[in-house]
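Here are some notes to read alongside the model. Please keep the sequence and the 3D view open while going through them.

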Amino acid sequence: MNWARPDKLLNSKEMESSESTKNTVKQILSEYLTKHSMRKTPERFAILDKIYSIKGHFDVETIYSMLIEDNYHVSKATIYNNIGILLDCKLVIRHQFGGSTTQYEKSYKAGVHNHFICTKCGIVKEFTDTNIKRAVHNKHIKDFTVESYTLYVYGICDKCKQKEEKESK
């Protein structure tokens with residue numbers, strides 16, 4: 001499957017509003033590292049900064065390429081290790097949409113959203129639905145408190161559907 005690169009980098013207006021978010025997530029990471037007696041390395045904060053500069057989903061290769069482009073030399077192992085830390089402190093969430101590539105996305109102030117995944121080309125489209133949100137939050141399960149959720153809907157995007165129809169003629 002062709003996994004899309006991040007939808008795009010944030011535009012200048014989004015960058016301005018994201019600066020306070022970046023400061024907040026840096027503080028959350030800093031507190032997490034202190035609490036767990038871990039070092040506050042520049043690499044950790046550079047990885048976090050890149051992640052919070054991306055709009056949409058990303059993979060480790062994307063972060064690696066972006067850091068290399070900025071002449072910031074880190075290994076992929078360093079990125080994987082630090083994404084593990086970011087998962088633990090709930091600044092990043094992991095998705096396995098299908099295929100072999102794990103996708104990630106920032107989670108701080110990301111809001112609840114769901115995903116349509118094309119089984120042909122692998123494109124991922126996000127959507128929100130207040131009815132689904134309400135249904136999940138109104139569902140009471142004994143001994144369980146909902147913190148968040150993600151819904152994956154698999155199907156074929158319009159572009160792939162049109163291509164299939166064209167090929168079948």
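1. A nonpolar core is a set of buried Ala, Val, Leu, Ile, Met, Phe, Trp, Tyr and Cys residues joined through side-chain atoms within 4.5 Å. In this structure, which is a predicted model, the largest nonpolar core has 25 residues. Ile51 and Leu86 have the most contacts inside this core.

2. Each of α1 (12-35), α2, α3 and α4 supplies at least two residues of this core. The helix that gives the most is α4, with 5 residues.

3. Not counting residues up to four places away in sequence, Leu86 touches Leu29, Ile47, Leu48, Ile51, Leu91 and Val92.

4. Leu86 is also one of the buried residues of α4, and the others are Ile79, Asn82, Ile83, Ile85 and Leu87. Helix α4 covers residues 76-88, which is 13 residues. At 1.5 Å a residue the helix should span 18 Å, and this agrees with its end C-alpha atoms, which are 18 Å apart. After α4 comes Lys90, with a positive phi near 60°.

5. Two packed helices are described by the angle between their axes and the distance between the axes. For helix α2 (residues 42-51) and helix α3 (residues 60-69), the angle is about 110° and the axes are 10 Å apart. Angles of 65 to 115 degrees count as roughly perpendicular, so α2 is roughly perpendicular to α3.

6. Which residues make the contact of α2 and α3? From α2 they are Ala46, Ile47, Lys50 and Ile51, and from α3 they are Ile63, Met66 and Leu67. The residues of this contact divide into 6 nonpolar, no polar and 1 charged.

Terms used: Residues numbered from 1 in each chain as written. Predicted model: local features only at pLDDT ≥ 70, side-chain atom pairs only at ≥ 80, totals over all residues. Heavy atoms only, no water. Helix = DSSP H or I, 4+ residues; strand = E, 2+ residues; numbered from the N terminus. Expected span 1.5 Å × (residues − 1). Buried < 20%, exposed > 50% of the residue type's maximum accessible area, 1.4 Å probe, protein only. Axes fitted to C-alpha atoms, helices over the stretch in contact; angles between N-to-C directions. Parallel < 35°, antiparallel > 145°, perpendicular 65-115°, else oblique. Contact = heavy atoms within 4.5 Å. Nonpolar A, V, L, I, M, F, W, Y, C, P; charged D, E, K, R; others polar.
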